[in-house]
Amino acid sequence: SVPLEVQDWLTVTFARKKEAYSIKPEDQPSIRTISYAVQASVLVKRMFRTPTSASGLAYPEKVIAAFKDIDKWDFDVFALNETCEGHSLKYLMCDLFNKYDLLRQFKIPITCLISFASALEVGYSKHQNPYHNVMHATDVTQTVHCIMLHTGMMHWFTDLEILAILFSTSIHDYEHTGTTNHFHVRTRSEMALLYNDKSVLENHHVSAVYQLMQNEDMNILVNLTNEEWRELRRLVIEMVLATDMSNHFQQMKYLKHVLKYKLMSMIVHAADISHPSKPWKLHQQWANALMDEFFKQGDKEAELGLPISPLCDRGTTNIAETQIGFIDVIVKPIFSLIIEAAEKIVEPLIYEAFETGCSSSRDSGYFSGGVGASQVRRGGAKAPGQGRSSVSRPQPLPSLPGRRVFASPEL
């Protein structure tokens, strides 16, 4: 629905060309690549497909009964595996791939999915492990579905990302040897030598599965575009390698660090493109100034005999359409993301400050009349336990449907 001229501008502005090697024409960045990033920050209304016999796999009555609890946190994988006679992963993959409509979205042949899932089960049973086996893969896959469903994250991820998540959980311990990475390194196993002692098992899981899909009968990714295939592989490698427990605390530390500084950068970036969120009187002036600057560039390009850049041709550019496209694709998603981040990060801090009276001197905006926690402790105002009428609870701001964001009362 984005105007073509806006699509061209997005592609030119946001798609970075790889310089390490030449890009084939069919591999050129496109609006579809950008749409993955955009969709990742926009809530979508995802509805589960109703399970039907059209999935191509006959479900025994006992399996159908077991799947009635598929959305529950206490789902019994052991009982399912017994009911399925050891084929719990195959039935679960077919059910979830159908449930999330991945079979249709990515044109996955059901026969390929069944063959692929069956081969995974063989690989999981290769070493007869008590723990890292088919039931473990089934449990992790069902659990990640449960997390996405009950947290609402299923509405945040793109279809490709959901495919990557379910694919990763299904394969994440394929052909596990029942021994640790440390054991492989100490014994100088063939795997350890192959992967240079780095996430030995995790690298094998991914590599062996992609080798498995070289068989046409098992290639469930056969109908993905080049862009989808590359992005899926990148996500799968990242997620499966992240299951290496030796990286656990490093990942936690890195995530906390990245989230903080990414949020800082995002706030500055949002402010930089914020004029469409301002009152019309202000936005109109900023939009006119921006388009005037674009048109001047277009005039210079015309004088130099260069192709006029997207949105820079004063004779053909529809200002209203470009602004609507810019708001829908760029501005609205980033402000929605900031609102979401504020809800998750700031609200607990505000209530902690309110409940304990502990706050830095910079937190004065969280209390009515600019009274900060330091003043509360000095007796300049009543402490929370001494009559809380002096302290205003943060009030909810208008935001996205179903969401609450809290800020100081004066905001």
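A: For "binding site", the unreviewed UniProt entry lists His 136, His 172, Asp 173 and Asp 272. UniProt positions are given in the numbering used here, feature names are shortened, and annotations may be inferred rather than shown by experiment. This is a predicted model, in which local features need pLDDT of at least 70 and side-chain atom pairs count only at pLDDT 80 or more, while totals for chains, interfaces and linings use all residues. Residues are numbered from 1 along each chain as its sequence is written, and side-chain values use heavy atoms, with hydrogens and water left out.

Among the listed positions, His 172 is placed in the loop between helix H9 (159-171) and helix H10 (181-186). Asp 173 lies in the loop between H9 and H10 as well. Helices here are DSSP runs of H or I with at least four residues, numbered from the N terminus.

His 172 is buried, its relative accessible area being 7%; for Asp 173, also buried, the value is 7%. Buried means under 20% relative accessible area, exposed over 50%, and partly exposed in between, with a 1.4 Å probe and protein chains only.

Not counting residues up to four places away in sequence, His 172 touches Tyr 124, His 136, Ala 137, Val 140, His 205, Val 240 and Thr 243. With neighbours within four places in sequence left aside, Asp 173 is in contact with Tyr 124, His 132, His 136 and His 205. Contact means heavy atoms within 4.5 Å. The side chains of His 172 and His 136 also make a polar contact (3.1 Å). Such a contact is a pair of N or O atoms within 3.5 Å; within protein, one must be able to donate a hydrogen and the other to accept it, and residues adjacent in sequence count only if both atoms are side-chain atoms.

Turning to the salt bridges, the structure holds 8 of them, each defined as a side-chain nitrogen of Lys or Arg within 4 Å of a carboxyl oxygen of Asp or Glu. One of them joins the side chains of Lys 72 and Asp 69 (3.2 Å, N to O). Lys 72 is partly exposed at 44% relative accessibility, and Asp 69 is partly exposed at 31%.

Glu 231, Arg 234 and Glu 238 are linked in a network of salt bridges. Arg 234 meets Glu 231 at 2.8 Å, N to O, and the closest N and O atoms of Arg 234 and Glu 238 are 3.4 Å apart. Arg 234 and Glu 231 are separated by about one helical turn because they stand 3 residues apart in helix H13 (residues 226-241).

Methods
Helix = DSSP H or I, 4+ residues; strand = E, 2+ residues; numbered from the N terminus.
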